[in-house]
Structure formats: structure tokens, C-alpha cells
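Here is a short walk through one protein chain. Start with the whole, then move to single residues.

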Amino acid sequence: MHKIKLLGIAVSLALAIVLVFYYYQNNSISIFETCKLPPLFEEGFDIIIVAGQSNAIGYGKGPYEDLQIPNEQSQIFQIGRGGSNDGKIIPAHEQLDHWSKLKDNTGVGFAMTFARQYARKLRAPNRRILLVPAAHNGTDILLWSVPRSLEEPTLYTKLYFDMILRTRSALQASAAVPQRNRVVAVLWHQGEANLSAMIRNQLSESGKTVPNPAAYEPRLVQLIQSLRKEFSERLPFLMGQVMPDSDADHPIRKEFDQRLETLAKRIPCVAFVSSNGLKSNSDFDPALKDGDHFSAKSMVEFGRRYFNAYVAMVEL
């Protein structure tokens, strides 16, 4: 009987190991590469950068369920943009204060779900969450180019310039000792503009674009490396897969996804978050004629996937 019990334990452990490897492999995370965050102090802000294009902003429409606990919501803030709130710490809510929004300001994104999950499961009791919304709709990866300096932003560097300066401001925010604030994640979703241009052989609005996935990849790597040089050596960087039905069978789309998946396995503390099975606004309501943006329900699920990938890679 004792041997049978030991055998049962051994089988259970083996199964657990297999499941862990399966989870990591399917979330494009190396099980051997965990990310150590900056030191945790009793008080301060845990800062989350949200950047990319319109699906990072959140144009999701339709019904959705995302549990909101009042006390939890009161711990989530953002760096405001525009008007009297520009640069100020204000409560976070849909839509976040990115460069652009829907006119009715009703779109749902994945960042708030991520923040709620973080507040519920990872936030230390006296710490708060500060989102830095930095996304701009329709942007090419070239418009996220890393400048040689932050003194003179250009057309191709102003988005990066803005993201860095706002995050620096967040690091100095509302703390007697600013070093108690820390950047804990970058949530990135961009690529639709480039992928569409590659497949259709079109120029972007700026007049330039990267010609293929092989040219896109080093631009993204440069962005990741620059953010880490600025804020933290192993800053977790999570990138979401573009809409699953968008040119799904096209060889360029397949190469694009494959390169991002491989990049996530090659560079420590980078995750490729799958969009498989998620739906568009058109799937929710064909009258919207919007197959480019995730529905609200899918955005909430996407936020959970981002968070699960984050937990899997971070040393807690």
C-alpha cells in the first residue's frame, strides 16, 4: 500500500511538471527565464505602460463581464492626457487617456482588466497602480522609433518620447521617496498597420513602412531594449497577437506571428499573448462593420491572458 501511495505521488508530480511545461510553451515563455522586478517598498506606485495602436487603446463594443470591486478600483490610477488633467494622476477608467479615443469614449480595452487582476492578486496592501496610457491609433512601428536623444522629438520619435517622459513623471509621482515607485510591466499591442501594409504592399500614412516581418522584428527588439535600458534590465514586456481572423492564412501573417513567438522565446521576460478564439466588434454586431478591433468581451478575456502570461514570467 505504501509503494502504491508513493507511486501515486510520483505520477502526480510528473503530471504537474508536464502541465507546467505545456503552459509555458503555449504562452511563449521560457520556464527558465523569470523576471525580477525592482525592489518592493511598503508604499508607492506600481507603474504599467500601455502602448501600441488602437487595440491597445481599446475600441471594444458590446456586453462584457469584468468583476469590479469598489475598493480595488480606488487603487487604480492613470496619468491624464489633455486639458486640465494633462500629466496629472487621476482615477483610471475606460477609455484610458491615450493619444486618441472613440468620440463617445465608450470603448473597452484589455489594460483595465489587467490592472484589476493585478490589484486583486499582486498588489501589496499599501501600494497603488498607476497606468501610463501611451497608445495612438493606426500607428506604424516606425512611428515608435527610438530617438538618439529626448531633446528634439520628430514625427518618428514623438510617441516614444511621450511614453518615456510620462513614465519618468510617473516614477516621480506622489512619493516622499520617488524611488519607491517602480515600472512593473509594458503592455504592448501593435502590428495591424504594418501587417496590412506588408500584405497589400502599401505605404503607411507617414509615407514609409517596414517591408516585411523580418524588417519589423529588429524595430520591436530595439524598442524593448531601449525601455529596459531606461527603466529596468528585465522589465516584463507583453505583446498581444493581432486579430486572429485578420489575413489568418496569408504567409506573411503566419511569418509575422512566428517571428513574434520566437522573439518571445529568445529574449528573457518577453511574452507573446495569443488572441486565438477572440472575436471582433463585427462578430458582436455585423452592423458595426469593424473586423479590426476586439469586442468588449474579447478585450476582457485578452486582459486576463496578458495577466496570466505576466504571472507566469515574473518572480513574485
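Begin with the surface. The protein chain exposes about 15,200 Å². Carbon and sulfur atoms supply 54% of that area. Keep in mind that this is a predicted model.

Now look at the fold. The protein chain holds 10 helices and 9 strands. It has 316 residues, and buried ones make up 51% of them. Consider the contacts with a separation of 6 or more: 76% of them join residues 24 or more positions apart.

Next, go inside. The largest nonpolar core has 45 residues. Which of them touch the most other members? They are Met163, Trp188, Tyr216, Leu220, Leu227, Phe237 and Met239. A second, separate core has 41 residues, including Val50, Leu131, Ala185 and Tyr310.

Take tryptophan 188 from the largest core. Leaving aside residues up to four places away in sequence, tryptophan 188 touches Tyr216, Leu220, Phe237 and Met239, among others. Its contacts also include Ala51, Gly52, Ile141, Trp144 and Tyr306.

Finally, turn to arginine 253. This residue sits in helix α8, which spans residues 251-266. Is arginine 253 buried or exposed? Its relative accessibility is 2%, so arginine 253 counts as buried; the cut-off for buried is under 20%. Where does its side chain reach? The side chain of arginine 253 comes to 2.9 Å from the backbone oxygen of methionine 243. Met243 is also one of the residues that arginine 253 touches, with those up to four places away in sequence not counted. Others among them are Leu195, Ile199, Gln241, Val242 and Pro244. Ser246, Asp247 and Ala248 complete the list.

Technical notes
Residues are numbered from 1 along each chain as its sequence is written. This is a predicted model: local features need pLDDT of at least 70, side-chain atom pairs count only at pLDDT 80 or more; totals for chains, interfaces and linings use all residues. Side-chain values use heavy atoms; hydrogens and water are left out. Helices (H or I, at least four residues) and strands (E, at least two) are DSSP runs, numbered from the N terminus. Buried means under 20% relative accessible area, exposed over 50%, partly exposed in between (1.4 Å probe, protein chains only). Contact means heavy atoms within 4.5 Å. Accessible areas come from the Shrake-Rupley method with a 1.4 Å probe; for residues, only the protein chains shown count as cover. A polar contact is a pair of N or O atoms within 3.5 Å; within protein, one must be able to donate a hydrogen and the other to accept it, and residues adjacent in sequence count only if both atoms are side-chain atoms. A nonpolar core is a set of buried Ala, Val, Leu, Ile, Met, Phe, Trp, Tyr and Cys residues joined through side-chain atoms within 4.5 Å.
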